[in-house]
Amino acid sequence: MKTISEYVRRLEEHKGPVNPEYYGVYERSVYKKEKYTVFMTRLQDGSDRLCAFGAHPFNGIERDGYTECELTHENATILKREFLFCAPKPVLSTCKCTFGVGDRLGRATPGHLRVFEKYDATPVLAQQSMRELTLTGRTYQSVMDDVAFFVFREGYEGGYGADGDHLKNIDDIGNALEDGCTMITLDLSEHIHKLGTDHVPAADQNVKDRYLGKEFTLADGTVLTFSEEELDTIAAIYSEAMDFTQRVYETYFAAGKYSADLEVSIDETDVSTTPLQHFFVANELTERGVKFATIAPRFSGEFQKGIDYIGDLDVFTAELKVHQAIAETFGYKLSVHSGSDKFSVFPVIGEITKGHFHIKTSGTNWLEAMRLVAMEDPKLYRNIHKYALTVFAQAKAYYHVSGNPAAVPDVDTLRDDQLPMLFDMTDSRQLIHITYGFILNHPIFGPALKALWTKEHQWYEALLKELLMKHMECLKIPFVSYM
Ligand SMILES: [Zn+2]
């Protein structure tokens with residue numbers, strides 16, 4: 001490989017065509033401004049650096065004719081200021097189809113961007129929950145810096161959002177917004193009341209006046225009415241959640257200090273959200289002046305992590321039609337959670353929403369990274385797999401899965417070439433899916449995995465690309481090319 005200095009000299013002198021690959025430079029990252037040129041390069045150890053020459057604003061070490069800059073928070077901030085496409089935007093309310101893709105490992109974004117540049121969907125790239133940040137030892141700031149550098153490296157100018165995902169606590173929301181999140185997914189699960197067999201208190205008179213004896217006509221002509229019993233129950237379940245949402249909205253959103261969208265998430269419940277409940281939530285928030293971009297209801301059936309939909313497709317379809325009509329009536333879009341690999345319901349979602357939806361996917365990127373390990377280093381994979389079995393019970397406390405580790409074949413009885421097939425089976429997918437925090441934080445497995453993924457980054461990108469394209473195709477997202 002020739003040196004970066006030579007590359008810089010050739011760029012400066014405009015001497016014929018320069019093949020960036022030849023110098024370890026990321027081809028799409030070469031940007032020329034009036035007074036300087038900046039690009040990204042890959043060092044021998046697999047890490048990336050920003051290189052700039054001319055009168056540039058970045059901070060780094062002076063080399064022979066250029067400045068070599070580490071990917072620090074300071075340089076990320078400069079990058080976002082100089083190249084606006086590197087900064088996240090509130091895309092939920094402005095783009096028709098938005099697609100959340102988390103990246104637990106901080107390695108998936110390049111593969112994702114190769115797909116987004118071909119489809120009419122806008123990515124929400126930094127989509128992390130507090131739980132994921134804790135388990136992976138990252139912060140919103142580091143996640144968003146990683147994303148900004150990747151967006152620059154890949155020359156992706158299509159715009160993207162950043163999601164403070166499933167936040168429950170008012171301080172966490174403030175921190176995520178301060179760190180630059182352009183979307184907050186407000187998780188109301190701790191404020192949605194579970195009703196036992198006790199006597200349900202009557203709804204407030206004010207609520208009764210606004211709902212009882214009224215007909216609510218939806219965009220598709222469906223008419224909803226509340227009986228007194230239904231209204232009492234719904235008010236008892238959701239009133240406190242409505243108060244909390246209003247408080248969050250008034251604290252952070254009403255004054256317009258942050259450029260961010262609000263998603264109201266009522267999906268983390270045991271039972272599915274009925275059309276009347278969904279309508280009540282949307283209507284209450286609207287009457288309280290709360291502006292939101294999306295609501296995530298809990299759909300019928302099971303949207304478990306990392307596997308296809310479990311449930312009755314006809315029931316799901318019928319419910320989705322009413323939920324969509326409610327969303328259309330108020331003018332927001334539906335959000336579908338745990339949308340990874342729900343291939344059997346994707347065509348219905350694409351059709352009924354007419355392509356107007358937000359979907360959150362995430363964890364299966366991690367599964368693809370582990371599939372790669374099973375293909376590339378069977379011995380390492382077997383050891384990790386056995387370790388995952390020992391911590392599965394602990395990990396289950398964090399995630400709702402029905403996977404049964406006892407049903408996973410003994411890895412010692414499988415041939416090397418059979419190991420990747422474990423990633424096509426529900427029980428083993430869930431085993432690896434939920435134990436990621438334990439695996440990554442393991443003193444031996446963590447570093448070994450990072451070394452392997454760094455070495456095989458192109459292979460990983462190819463696996464992710466294939467998986468994400470399958471999602472796009474099933475959801476019937478139109479193929480475009482902005483580049
Ligand atoms: Zn959710």
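**A first look at the strands and domains**

In this predicted model, R42 stands opposite D48 in β3. That pair belongs to a stretch where seven bridges join β2 to strand β3 (residues 48-54), the two running antiparallel. The protein as a whole is divided into domain 1 (4-70), domain 2 (86-364) and domain 3 (365-442).

**The open sheet**

- Five strands make up an open sheet, in the order β1-β2-β3-β5-β4, with antiparallel pairing.
- Its edge strands are β1 (31-32) and β4 (61-62), each of which pairs on one side only.
- Strand β1 is joined to strand β2 (residues 36-42) by two bridges, and the two run antiparallel; here K32 stands opposite T37 in β2.
- The hairpin of β2 and β3 has five residues between the strands, and there G46 takes a positive phi near 90 degrees.
- Three bridges link β3 to strand β5 (residues 67-69), again antiparallel, and the bridge partner of L50 in β5 is C69.
- As background, strands of a sheet pair through backbone hydrogen bonds, either parallel or antiparallel.

**The closed barrel**

- Eight strands form a closed barrel that runs β6-β7-β8-β9-β12-β13-β14-β15, and the pairing is parallel.
- Neighbouring strands of this sheet are turned by 25 degrees against each other on average, ignoring direction.
- Strand β8 (residues 161-167) is joined to β9 by three bridges, in parallel, and D163 stands opposite M183 in β9.

**Inside the protein**

- Why is strand β9 (residues 183-187) described as largely enclosed by the rest of the structure? Five of the five residues of β9 are buried, so the strand is largely enclosed.
- M183, T185 and D187 point one way from β9, while I184 and L186 point the other way, and all are buried.
- Leaving aside neighbours within four places in sequence, I184 is in contact with G164, L167, I173, A176, L177, A260, L262 and E263.
- I184 is also among the residues with the most contacts inside the largest nonpolar core, along with V147, A148, Y238, V264 and I295. That core has 131 residues.
- Helix α8 (residues 228-253) supplies the largest share of this core, ten residues.
- In general, nonpolar side chains in soluble globular proteins tend to be buried together.

**Where domain 2 touches domain 3**

- The centres of domain 2 and domain 3, taken over C-alpha atoms, are separated by 29 Å.
- How many residues of domain 2 are in contact with domain 3? There are 14, and they are in contact with 18 residues of domain 3.
- On the domain 2 side, helix α4 (residues 130-136) gives the largest share, three residues.
- The residues on that side divide into four nonpolar, six polar and four charged.

- G137 lies in the loop between α4 and α5 (140-153).
- G137 and L440 are 303 residues apart along the chain, yet 9.5 Å separate their C-alpha atoms.

Terms used:
Residues are numbered from 1 along each chain as its sequence is written. This is a predicted model: local features need pLDDT of at least 70, side-chain atom pairs count only at pLDDT 80 or more; totals for chains, interfaces and linings use all residues. Domain bounds come from an automatic or database domain assignment. Two residues are in contact if their C-beta atoms, placed from the backbone, lie within 7 Å. Helices (H or I, at least four residues) and strands (E, at least two) are DSSP runs, numbered from the N terminus. Ala, Val, Leu, Ile, Met, Phe, Trp, Tyr, Cys and Pro count as nonpolar, Asp, Glu, Lys and Arg as charged, and the others, Gly among them, as polar. A nonpolar core is a set of buried Ala, Val, Leu, Ile, Met, Phe, Trp, Tyr and Cys residues joined through C-beta atoms within 7 Å. A residue is buried if 20 or more other C-beta atoms lie within 10 Å of its own, exposed if 12 or fewer, and partly exposed in between; C-beta atoms are placed from the backbone. Two strands pair if DSSP finds at least two bridges between them. Axes are lines fitted to C-alpha atoms, for helices over the stretch in contact, and angles run from 0 to 180 degrees between N-to-C directions.
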